[in-house]
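Please keep the sequence and the model at hand while reading.

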Amino acid sequence: NSKLDNVRKLYSNIGLMYAEQEEYENALSYMKMSLKTARLQGNDTAVAGGQTDVAYILIIEKEYHVAIDQLLEALEKAQSINHKQLTIKCYAMLMECYRSLGISSKFMEYQQKLGNLSSHVSQEAANQKVTDLTHENYAVRERQELEKIVRELEAEKSERDRQEIERRREE
């Protein structure tokens, strides 16, 4: 399951790299593969996070209605597992969608929900999390995670190569 988790993170990080290069079709494809892998794992946190990653690309592509569908599913999962940070992220992204669509009543609904939740979590921490998740810090953390996964995969390959050399010596 750890390897599957690494694969999921790798897909997500490749998707983010494509997003940084403004290759959104490829980014969306890799984000969807990451989401599919999270579903295979049965990890609700990873599924909800994957849905927000897919929605992030959809928002960039101005596919707000499809993004809203992903975000509402992610929000339901985040709330069912009481994951406050993901809930905050969903609220903020839903606000962005409804603001962009000009649906002020829904924008205000999620702004209110975000405000209510933020009063329970620390206001400063919630604001920082929303800011971090919607700016470059998110991509930096994801890149660091990708670099870690690549190092782990390289170490595994080196070990397999070493074992193969050892096996050949024994023959």
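In which hand of crossing, left-handed or right-handed, does H2 pass H3? The crossing of H2 over H3 is left-handed; this term applies if the near helix is turned anticlockwise from the far one by less than a right angle, and right-handed applies if it is turned clockwise.

The model is predicted, so that local features need pLDDT of at least 70 and side-chain atom pairs count only at pLDDT 80 or more, while totals for chains, interfaces and linings use all residues. Residues are numbered from 1 along each chain as its sequence is written, and side-chain values use heavy atoms, with hydrogens and water left out.

**Overall fold**

The protein has 8 helices and 0 strands, and its pattern along the sequence reads α-α-α-α-α-α-α-α. Helices (H or I, at least four residues) and strands (E, at least two) are DSSP runs numbered from the N terminus. Of the 171 residues in the protein, 37% are buried; buried means under 20% relative accessible area, exposed means over 50%, and partly exposed lies in between (1.4 Å probe, protein chains only). The accessible surface of the protein is about 10,300 Å², and carbon and sulfur atoms hold 48% of this area, by the Shrake-Rupley method with a 1.4 Å probe. Among contacts with a separation of 6 or more, 57% join residues 24 or more positions apart, where contact means heavy atoms within 4.5 Å.

Helix H2 (residues 24-41) and helix H3 (residues 44-60) have axes that come within 8 Å and cross at roughly 165°. H2 and H3 are therefore roughly antiparallel to each other. Angles under 35 degrees count as roughly parallel, over 145 as roughly antiparallel, 65 to 115 as roughly perpendicular and the rest as oblique. Axes are lines fitted to C-alpha atoms, for helices over the stretch in contact, and angles run from 0 to 180 degrees between N-to-C directions. The contact includes Leu28, Met31 and Leu35 of H2 and Val47, Val54 and Ile57 of H3. Its residues divide into 12 nonpolar, 2 polar and 3 charged. Ala, Val, Leu, Ile, Met, Phe, Trp, Tyr, Cys and Pro count as nonpolar, Asp, Glu, Lys and Arg as charged, and the others, Gly among them, as polar.

H3 also packs with H5, at an angle of about 20° and with the axes 11 Å apart. H3 and H5 are therefore roughly parallel to each other, and H3 passes H5 in a left-handed crossing. Among the residues making this contact are Ala48, Thr52 and Tyr56 of H3 and Leu86, Cys90 and Met93 of H5. By class, the contact of H3 with H5 has 8 nonpolar, 3 polar and 3 charged residues.

Most residues other than glycine have a negative phi.

Ile68 lies in helix H4 and is buried, with a relative accessible area of 7%. Leaving aside neighbours within four places in sequence, Ile68 is in contact with Leu94, Cys97, Tyr98 and Leu101. Ile68 and Ala55 are 13 residues apart in sequence, and their C-alpha atoms are 7.4 Å apart in space.
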